[in-house]
Amino acid sequence: MNPRFQHIYNTLPAGLVAPFKSVFDGNSFKGILTPSQFESLKQASSLDEQQLKVTLLPFAAAYSIAPISNFNVGAIVKGDSGSFYFGANLEFIGAQLGQTVHAEQSAISHAWMQGETGVQDITINFSPCGHCRQFMNELSTARTLQVQLPERDEMSLQAYLPESFGPQDLGIETALMTPINHGYQFSQEDELIRHAVIALNKSHAPYTNNHSGLTIRVASGELFSGSYAENAAFNPSLPPLQVALVQMQMAGLEFTEIQEIALAEMEQGSISHLADTQSTIEAINPDIPIQYVAID
Ligand SMILES: [Zn+2]
């Protein structure tokens, strides 16, 4: 049994425990439900899609790392492929609050790094804060995205964010999660740097052109990458370190397993992630080595 979920089973109707355990207690569960897994839970539970997503929220919130607020938020997004991605909030003791990741940002960046090119809807256990409404307004699906809360009717993001400010106000036509390859290369054989550059090439940074990516190597040798997700309102932007940490968090790994990090960004960008990456890593574990490359 996965101890992360144990407390949730006590709250489920008895008939749901076995089918939910069959999905969530395997070692292969990484915070993602395939369309067929979701369909099997729907059949077993006799819940409709919205009811099932709300029922699944505690499983997403079980990934929350909130040592400052002790406020556990879970989010689930449905990607264009039909798969569902969990997200949860992430706070850092010892770093500044701007480094925090909200559950909505977590679920969206989780889906993005798994290759999704848009999200159709998002289900959250609390009303989305203003920061997240703005973050979601950057998405390729911002005009059509639906937001579902427990005990509420589904509403569009645009209903949650009337008279919004967005990329178009700054003359930007690209959107977060739109497939892109910036095509930058770096002539170094190092595997970690090579993956950071792959992540850089997927990043959404139309305001600063500081395309950037970061890759984490964990003790098992597995790699987790994050691309930078910039926002028209600047502050809700999600740095590449945070996106990579979300991938680890949602795969169920502890940050104590981080062995090494590589950050790649543009030499000519109008901003840099280096100092913030260093200070947040310092808060996690000051002994983690950081490789850094600037691409021209
Ligand atoms: Zn938020």
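How many nonpolar, polar and charged residues are in the lining of the largest pocket? The lining has nine nonpolar, 14 polar and two charged residues. The views below come from a predicted model.

**View 1. The centre of the largest pocket.** This pocket has a volume of about 520 Å³. Its lining counts 25 residues, and the closest to the pocket centre are Phe234, Asn235, Ser237, Pro239 and Asp276. Two elements give two or more residues each to the lining: helix H9 (240–250) and helix H10 (274–284). H9 supplies the largest share, three residues.

**View 2. The largest pocket and the two domains.** Domain 1 spans 28–170 and domain 2 spans 191–295. Both domains give residues to the pocket lining, so the pocket lies between them.

**View 3. Glutamate 151, a residue with positive phi.** Most residues other than glycine have a negative phi. Glutamate 151 has a positive one, near 55 degrees. The residue is found in the loop between strand E5 (146–148) and strand E6 (155–156). Is glutamate 151 buried or exposed? Its relative accessible area is 82%. Exposed means over 50%, so glutamate 151 is exposed.

**View 4. Methionine 177, also with positive phi.** Methionine 177 is not a glycine, yet its phi is positive, about 90 degrees. Its place is the loop between helix H7 (157–160) and helix H8 (191–201). The relative accessible area of methionine 177 is 2%. Buried means under 20%, so methionine 177 is buried.

Definitions and conventions. Residues numbered from 1 in each chain as written. Predicted model: local features only at pLDDT ≥ 70, side-chain atom pairs only at ≥ 80, totals over all residues. Heavy atoms only, no water. 1 Å grid on protein atoms, 1.4 Å probe; cavity = no way out; pocket = protein on both sides within 12 Å on 5 of 7 lines; lining within 4 Å. Points joined across faces, edges and corners; volume = space filled by probe spheres on them. Helix = DSSP H or I, 4+ residues; strand = E, 2+ residues; numbered from the N terminus. Nonpolar A, V, L, I, M, F, W, Y, C, P; charged D, E, K, R; others polar. Domains from an automatic or database assignment. Buried < 20%, exposed > 50% of the residue type's maximum accessible area, 1.4 Å probe, protein only.
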